[in-house]
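Subject: Structure handover

Hello,

Please find the structure below. Some notes on what was found in it follow.

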Amino acid sequence: LIVAGGVGVAKSVYVGGQIVGNINDGTNSGVTDVLVLKHSTSGTPTNGIGVGISIGLEDAGELEKQGAIDFKLTDVTNNAEDAQMVVTVNTAGSLVTSLTVDGVKVGVVPTTVSTSETTGSLTVGGGAGVTKQLYVGGVGVIKSTVDATSSTTGALLTKGGLGVAKRIYAGSSIVALGTTAATSATTGTLVTAGGLGVAGRIYSG
C-alpha cells in the first residue's frame with residue numbers, strides 16, 4: 001500500500017514489522033515530532049487522564065506486558081495543568097513503578113537499601129553534582145580512605161562549617177588549624193561548652 005498523502009484510521013492498526021517514521025523538513029535547529037500520541041475523552045477529564053506506551057515481550061511462557069511509559073495529568077485545570085511521566089517495569093513477575101517525573105522533581109520509587117557504592121535505588125557510574133541541599137534519611141557512608149593533611153584534603157570536604165548534633169569519634173588525630181588566641185572560656189581555636197577530659201598529656205605553647 002503506497003499513498004501520496006496521509007492516512008486516517010479510525011481504529012487499531014496491527015503491524016507485523018517495524019514502524020519507521022522519517023521526516024525531511026526545513027527545521028535545522030529544533031525538534032520535529034515524528035511520533036505524536038494524543039488522548040481525549042467523551043466524558044469530563046479528571047485527574048489521572050493520560051496516554052501511554054505499553055511494551056510487550058515474550059517470556060518463557062507467553063507474550064506479556066513487561067513495561068510502560070505513561071504520561072498523565074495530575075491536575076486537569078485549564079492553563080494550569082500539571083503533568084507527570086511514570087515509568088513501570090516488570091520486576092519479579094509484577095509491574096512496579098520505577099520512576100516518576102514532573103515539573104518539580106524526579107522520583108526514584110524503589111526502596112532498595114544501599115550496602116555499597118553499586119547498590120541501592122539509584123546508582124551512578126560517575127560523580128554526582130548537587131547544586132543545593134542534600135538530605136539523607138539513613139546513614140551516609142563515604143568509603144574513600146584519603147587522609148586529611150590540611151583543611152582542603154581528606155575523604156570529606158566542606159567549604160563552610162560543619163554542624164553535628166551528636167558525638168564525633170575520630171580514629172586518629174583531630175587537628176585545629178585556627179590561630180585564634182583564647183582570652184576567656186568562650187574564645188580560642190577550641191571551645192567546649194562542657195568539661196574536657198584528656199587521658200594523656202597536654203602540651204601548651
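Does K143 count as buried or exposed? K143 counts as exposed, at 55% relative accessibility (buried means under 20% relative accessible area, exposed over 50%, partly exposed in between, with a 1.4 Å probe and protein chains only).

This is a predicted model, in which local features need pLDDT of at least 70 and side-chain atom pairs count only at pLDDT 80 or more, while totals for chains, interfaces and linings use all residues. Residues are numbered from 1 along each chain as its sequence is written, and side-chain values use heavy atoms, with hydrogens and water left out.

Salt bridges

The whole structure holds 2 salt bridges (a side-chain nitrogen of Lys or Arg within 4 Å of a carboxyl oxygen of Asp or Glu). In one of them, K143 meets E117 at 3.1 Å, N to O. Both K143 and E117 lie in the segment after β5 (106-108), so the pair ties together parts that are 26 residues apart in sequence. E117 is exposed, with a relative accessible area of 54%.

K105 pairs with D102 in a salt bridge, with 3.3 Å between the closest N and O atoms. D102 is partly exposed, at a relative accessible area of 22%.

Second largest pocket

V13, Y14, V15, I19, L35 and L37 line the second largest pocket (a pocket is an open set of points on a 1 Å grid where a 1.4 Å probe fits, with protein on both sides within 12 Å along at least five of seven lines; lining residues have an atom within 4 Å of a point). The lining has 6 nonpolar, no polar and no charged residues.

Regards

Methods: Nonpolar A, V, L, I, M, F, W, Y, C, P; charged D, E, K, R; others polar. Helix = DSSP H or I, 4+ residues; strand = E, 2+ residues; numbered from the N terminus.
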